[in-house]
Amino acid sequence: MDTGEGVVLRPGDAGYDGERLGLNRAVGSRPAYVVGAAGERDVVDAVRSAGRRGLAVGVMATGHGPAVSADGAVLVNTRRMDGVAVDAAGATAWVEAGARWERVLARTAPHGLAPLNGSSPHVGAVGYTTGGGAGLLGRRFGFAADHVRRLRLVTADGRLRDVTAETDPDLFWAVRGGKDNFGLVVGMEIDLFPVPRLYGGGLYFPGEAAAEVLHAYSAWTRHAPEELASSVLLVRNPDLPSVPGPLRGRFVIHVRVAHSGDAAEGERLVRPLRDLGPTLLDTVRDMPYAQVGSIHHEPVAEPYAADDRNLLLRDLTSDAVEVITAHAGPDAPFVTELRHFGGAYARPPRVPNCVGGRDAAFSLFTGSTTRPAALKRREDLLTRMRPWSTGNTNLNLAGIQDTGPDRVAAAYTPADFDRLSALKARYDPENTFRINFNIPPMKEAPAPRLPL
């Protein structure tokens, strides 16, 4: 049956599975019904209907990061809401709830403007941004959430609100970093930046060189300007035709760089990494910003089941590098990534928000299969890396083991988490929006912060 221009599907209806399933199948869900929203009216009706029935509400756009089962709940699928409008003169864009970054890039690039998108153009822009958003321009400009001007969202009472720092300062603070705990965002206005080109790409080294490359990378980042973003991935590539020949079936260390300044300066900055030795593949080049997704070269995935976890690190010392190379080597049943933070990430935004982790020098991300043996190996690495941890995590890089209140709290400062819990009690006292990395209302005593 229709609601507005969207559709409502229940178990057994044709198309129900297509609406409820995302890319990451680590968490299965059988919602009471799924609303395939085509516009904001559908979202309003879904929240109001769920409220009358006393049902929880969850939201999904691309399905990259489900964390909690939506069994028996109302799931709002926003993928049809993918409109993007650019104000080139004002250097802003309006982005609807289901738009992926690739769609945003297609609209902004012709104007020589760039959003603060993530490394993958296939990820939904709104969920990424409200989770903080640490991308390839972040060391220069900050978190994506720092550059949201306006939000349009539906709160638990079924109201459609235009939220800004002037109209609703508490709600505006909470949603930028608190994701879908306070309402379902149907659109956002974001800043754009005059970055028409990048000097970037990947340097792929053989896995045997991992220790040498990581030690050199650690030293190299200490002098990197804010215009230079970088990360390192340790991964065993599958033996598939879609993988470039030199990398196929091999364990590699993939150094990714993105310099948003002058290309000649970018080449000079990257030279010490190139001088480390022969690479299996070198894709670093001057490129239009629209090709930013080629830097990390993350595939357009088929459905998969993965569990992500991360730590934020205060430093990447020689001892830390030795731990990583010892536990994330060729036989590791997971991928390991380091991203360089610092720079503008460390500075408070002009309009405050609740995004945490601003004291981190690096993030350490691990993506594992859900097999118990793989998870145990991955946990061993994370445990051994805790001496370098800040005690915090990044919400965008969290997974199904990070959904408890203690784990969610690790994404924020203690004071901010307490404030978020108090605001949750004001805007969503029944915890309607709990199919997520949940922040419980203050009436539910906040859980103690446990060691990561």
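How are α10 and α11 oriented to each other, roughly parallel or roughly antiparallel?

**Entry 1, ground rules.** I am working with a predicted model, where local features need pLDDT of at least 70, side-chain atom pairs count only at pLDDT 80 or more, and totals for chains, interfaces and linings use all residues. Residues are numbered from 1 along each chain as its sequence is written, and side-chain values use heavy atoms, with hydrogens and water left out.

I looked up the axes of α10 and helix α11 (residues 372–384), which come within 10 Å and cross at roughly 175 degrees. Axes here are lines fitted to C-alpha atoms, for helices over the stretch in contact, with angles from 0 to 180 degrees between N-to-C directions. The two helices, α10 and α11, are therefore roughly antiparallel (under 35 degrees counts as roughly parallel, over 145 as roughly antiparallel, 65 to 115 as roughly perpendicular, the rest as oblique). Val323, Ile324 and His327 of α10 make the contact with Asp380, Leu381 and Arg384 of α11 (contact means heavy atoms within 4.5 Å). I noted 3 nonpolar, 1 polar and 2 charged residues there.

Next I turned to helix α7 (residues 210–221) and helix α10 (residues 318–327), whose axes come within 10 Å and cross at roughly 150 degrees. So α7 and α10 are roughly antiparallel too. On the α7 side I found Ala210, Ala211, Leu214, His215 and Ser218, meeting Ser318, Val321, Glu322, Ile324 and Thr325 in α10. The residues of this contact divide into 5 nonpolar, 4 polar and 1 charged.

Notes
Helix = DSSP H or I, 4+ residues; strand = E, 2+ residues; numbered from the N terminus. Nonpolar A, V, L, I, M, F, W, Y, C, P; charged D, E, K, R; others polar.
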